[in-house]
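Morning, everyone. Please have a look at the structure on the screen. I'll keep this short.

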Amino acid sequence: MLTCPPTLYIRRPSPTTIEYTVSTRPPLARPLRILLILTHIIRVVLALAILLLLYTYYLTLLPPPSILSSLTIPPSILLRLQALSTLLSPLLLISISIALLLFLTLRPHTSESLLILRHLGLQISSSPKTYLSTTKTRFIPSQKIQDIYINEVFSNFEVRYVLVVVVEGEGELVVVFERLLPGRAVLERVWRGGRRGLFGGEERGGANGDANGGVNGGVGAKEILS
């Protein structure tokens with residue numbers, strides 16, 4: 001319920017700008033909003049419990065630091081946490097705690113977008129994997145874009161289609177929607193729109209293979225005008 005299959009959203013902020021976003025985040029209806037809030041609360045509570053457990057183990061070795069001297073833990077909770085911390089070796093306790101804390105920072109949704117700015121270039125964005133990092137973006141000016149097309153690659157022993165950008169002076173292709181890898185039907189729609197936005201309808205390259213309609217990419221498409 002927290003995620004959905006990768007879905008294409010199209011947004012047009014201005015007549016010369018179009019944004020294609022592929023996301024696993026479902027529409028934010030009221031039940032989903034409530035569920036997300038509860039999920040965040042559970043994440044915070046679990047993170048505080050893990051930190052409290054580590055702090056309790058720290059107190060068995062050293063006196064409390066001056067900055068936390070005013071922190072008082074009820075004796076009943078303190079005894080239970082101390083008993084729990086002694087069940088594992090120090091190395092295992094710290095390793096498991098760090099792994100759980102990192103797991104709690106993972107984002108449930110993934111979003112990748114391609115912003116086309118007519119005659120200016122394109123911007124590729126990818127949402128961070130955790131709440132501790134920021135969105136990864138890259139802008140490629142139109143003067144450096146030599147081509148944009150759909151290519152076939154092998155991924156997990158199967159053939160997948162990827163949308164790639166050929167950048168002047170770079171030996172490697174720039175892959176769009178690299179993490180979600182949407183289906184061919186979605187990629188063809190983005191490819192056509194990107195080509196029109198960048199080159200004004202001029203064809204440069206194309207899809208690697210037959211680009212006829214009726215291809216089932218397995219990814220939904222929604223168009224949002226704004």
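One definition before we start: a residue counts as buried under 20% relative accessible area, as exposed over 50%, and as partly exposed in between. Also keep in mind that this is a predicted model.

Let's take the rings. How many aromatic pairs does a search of the whole structure find? One. The partners are tyrosine 55 and tyrosine 58. Their ring centres are 6.4 Å apart, and the planes meet at 20°. Planes under 30 degrees apart count as stacked, so this pair is stacked.

Where do the two sit in the chain? Both belong to helix 1, residues 30-59. They are three residues apart there, so about one helical turn separates them.

Now apply that opening definition. Is tyrosine 55 buried or exposed? Buried: its relative accessible area is 10%. Tyrosine 58 comes out at 32%, so it counts as partly exposed.

Next, the annotation. An unreviewed UniProt entry lists residues 34-57 and 77-104 under "transmembrane region". What does the model show for residues 34-57? The span is 100% helix and 0% strand, with its end C-alpha atoms 35 Å apart. Residues 77-104 are 86% helix and 0% strand. There, the end C-alpha atoms lie 23 Å apart.

Last item: charges over rings. Arginine 184 lies over the face of tyrosine 161, at 5.0 Å from the ring centre. For arginine 195, the ring is that of tryptophan 191. The arginine lies over its face, and the distance to the ring centre is 4.7 Å.

That's my tour. Over to you.

Definitions and conventions
Residues are numbered from 1 along each chain as its sequence is written. This is a predicted model: local features need pLDDT of at least 70, side-chain atom pairs count only at pLDDT 80 or more; totals for chains, interfaces and linings use all residues. Side-chain values use heavy atoms; hydrogens and water are left out. UniProt positions are given in the numbering used here, feature names are shortened, and annotations may be inferred rather than shown by experiment. Helices (H or I, at least four residues) and strands (E, at least two) are DSSP runs, numbered from the N terminus. Rings of Phe, Tyr and Trp (its six-membered ring) pair if their centres lie within 6.5 Å; planes under 30 degrees apart count as stacked, over 60 as edge-to-face and the rest as tilted. Buried means under 20% relative accessible area, exposed over 50%, partly exposed in between (1.4 Å probe, protein chains only). A charge sits over a ring if NZ of Lys or CZ of Arg is within 6 Å of the ring centre and within 35 degrees of the ring normal.
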